[in-house]
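Please look over the model below. The report then covers a pocket, a disulfide, a strand pair and an annotated span.

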Amino acid sequence: MRTKFTSFFLFILNIVTLSSAFSQKSWFKIDTLTSVTSKGAKLTNPWTGGLNASQFLKMHLNNDADEDLVVYDRTNSKITTFLAGPDPLNPGKKTFIHTPYYESLFPKADNWMILADYDGDGNKDLFTSTSLGISVYRQEKTAQSWTFRQMQEVLYTKGFSGNINLQVSGTDIPGIVDVDDDGDLDLLLFDFSGNYIELHQNLSMEKFGKPDSLGNVQSPVFQRNGDCWGDFHKGTNEGFEFGLDCGVTVSSGNREMHAGNSILLQDLNGDGKKDLLVGHVSNTHISFLTNSASGLIGNFTAYTNTYPTVNPVLLHIFPAAFMEDVNFDGKKDLLIAPNTASNDGNLTDFKSSGWYYQNAGTDTKPDFKLTKKNFLQDQMLDVGENAAPSFFDIDGDGDLDMLIGTGGIPGQTGFKGGFWLLKNTGNNTTPAFEVESENYLNLASAFGVYNIKPQWADFNGDGVSDLGFSATSTTTLKLEYRYIPNKAQSGAAAQLNLADAVTIAMPAESQTGDSPHFYDVDGDGDLDLLLGKTQGNIYFYANTGTSKQFTFKLESDAFAGVTISFEGRSPQLAVADFDLDGRADVITADHTGNIRLFHGADWGKWTERETLLVEQNGKASAPSFGNYLSVAVGDYNGDKKPDIAVGSNAGGLRLLTNIVPVTITGNEPAAGPLVNVFPNPAANYLKIKSSKSATFDIVSVTGRKIVKDRKLNANIEQEIVTEHWPAGLYLVEIKSGNSHVVRKVMVAN
């Protein structure tokens, strides 16, 4: 039953800048402060965005004494930055705090990234992979900050057959380290067979007496030294063979592509000689190779795949090792993560993929103790991979909760996805989320599916939002769509039963990886379909059937002019009135890592397409949130403006708060015909009266047209039944000739 508010003050939001001015301003700001509690403890960095295949690096991001943490995730080419500082949840201790501002200062990186000071100025520079080999960026300090400037698009070396670009397989992580301790950085990398390590010696000190040269194609400073390095090569399985003579030059010119290796060179047994930790794509362990020689010529004579001795590394595939001090005791710890571009065979649990071994020894003679297998991930929302958020008041308490679809995790019955439920334990204006369930509705028990993407919408036309979700079948590997009818009354706690699930047949041309979003485009009371395609374009299907029997007719294969695009593949969509002009807008997220907003016109006719949406350091910017994103819309902070949650393939979320410039006044400005909309708030009905004949639409704050092109005779009241409408803010848009008037009305439970 509906009840009216005993007292209610409705403030009218009046837009003070035109939509054309929005392009000069930011639309959203990143929210890192809304709290999340899991298992009774607050998370330090809940909205970091998740991590999968991490590469752990350190550098000074700000001007204090502590080095900060930079994490590069190979699965989504994403850089995440953390400042070292006081732990807000544990007074007296230090920790790493997610600070997204610094992420925008890094150039785009692919496959791998290494921070090392090549020119000896005390500032770490950046090496990363390109299609041609290795690119180098120099860190340059400014008065208040720093930037990376590209110094060399490609590094060159003097090989056996002339000067060539230094090639590193895209699957590898090379070693960039001063092998001979002469002050410049040498390069160690596996050859393209994946069996031998090559040494490319840096001759900057020998030639110029200083380490800052990178050379060029005519005069490289790197030179291939020996046919291999370390007097060993990769053997069968996880083995190695020793006793080679790497001084012999053999150039067959016939190279095979290999699967991948990672290299870490460090004295690990205290004898003053640099040992090796090697990961291989086919290995589950890290291989520890002991070095019996010092200086430029390495001589490796023994190995073990049981490292560390206690609780040795054991990953499904391709472990890579990193050494950084992450507990602020001055000693380098050991960090292990899978060096994979995707979840090979769906056998990795990406919500627990960062192994942290604390160093109880010294830097030159470490004693590594396994501390946790989810380093950093334990302090953020990380559902594994492919997090797909949605907003809905699931418990019926008046504020928005969050339901997250997951990509999946491996288990005894295979790789399956499900739902995480985040209950809003705060209120409508001060949200605070708590992880209520990591297996809401126990979806995996009923359906063999993964890559779950939820959407709340009225699928069956009863006036109450139901839970819809797309997924990939574990048996057919095809796209499926179901909705679970919500048997509750509007505004009450959701009543969902998996046994009631209804299948919606997707159009025949649907593919695995497509992203459905349902929205009543034509205002006829049933849901039409927008389909983000894996190729980058957007299909629009009109529902020519009903809410009981969906029948899709393809209207466009390039909706809103979005055509096939490799960079923009796999667009995900959400609909809302972001600029509060009374018309539905569309926001997309895709493989570029950016979000894009279509607005400023009637449905499908948008000419305004914004990409500089997020405020950073006082400027509108387009930060990259990683590859293969999902996006959801909801007013989670109660300011009557649609906010955004961005889900990442790394399994985490980013929150973006809508900061469209508005002022709050108590009066509606006079414009066009005299219009009265009452009662306000409305319960079972509302009435509309205009001094001139007109037509009107009624649009929800999420952008859904509840009423479309209804005629309104001059000075005659028209009554609209609102009994079954979801509670919230609605926009009544009245059009008379060239006049356009918008009134806001609250429908209250």
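What volume does the second largest pocket have? The second largest pocket has a volume of about 760 Å³. Of its 30 lining residues, those closest to the centre are Ile 176, Leu 264, Met 323, Glu 324 and Lys 332. A pocket here is an open set of points on a 1 Å grid over the protein atoms alone where a 1.4 Å probe fits, with protein on both sides within 12 Å along at least five of seven lines; lining residues have an atom within 4 Å of a point. Its volume is the space filled by probe spheres set on the points, which are joined across faces, edges and corners.

This is a predicted model, in which local features need pLDDT of at least 70, side-chain atom pairs count only at pLDDT 80 or more, and totals for chains, interfaces and linings use all residues. Residues are numbered from 1 along each chain as its sequence is written, and side-chain values use heavy atoms, with hydrogens and water left out.

Strands S5, S9, S15, S21 and S25 each supply at least two residues of this lining. S21 gives the most, with five residues. The lining divides into 17 nonpolar, four polar and nine charged residues. Nonpolar means Ala, Val, Leu, Ile, Met, Phe, Trp, Tyr, Cys and Pro; charged means Asp, Glu, Lys and Arg; the others, Gly among them, are polar. Strands are DSSP runs of E, at least two residues long, and helices are runs of H or I, at least four, numbered from the N terminus.

The whole structure holds one disulfide, a pair of cysteine sulfur atoms within 2.5 Å. Cys 228 and Cys 246 form it, with their sulfur atoms 1.9 Å apart. The pair links distant parts of the chain, 18 residues apart. The link is left-handed, at -100 degrees about the S-S bond. Both cysteines are tabulated here.

Buried means under 20% relative accessible area (1.4 Å probe, protein chains only).

Strand S49 spans residues 630-634. Five of its five residues are buried, so S49 is largely enclosed by the rest of the structure. Ser 630, Ala 632 and Gly 634 lie on one side, Val 631 and Val 633 on the other. S49 pairs with S50 (residues 643-647) in the antiparallel sense over five bridges; pairing takes at least two DSSP bridges. Ser 630 has Gly 647 as its bridge partner in S50.

UniProt, in an unreviewed entry, places "domain: Secretion system C-terminal sorting" at residues 677-747. That span is 0% helix and 63% strand, with its end C-alpha atoms 12 Å apart.

Conventions:
Buried means under 20% relative accessible area, exposed over 50%, partly exposed in between (1.4 Å probe, protein chains only). UniProt positions are given in the numbering used here, feature names are shortened, and annotations may be inferred rather than shown by experiment.
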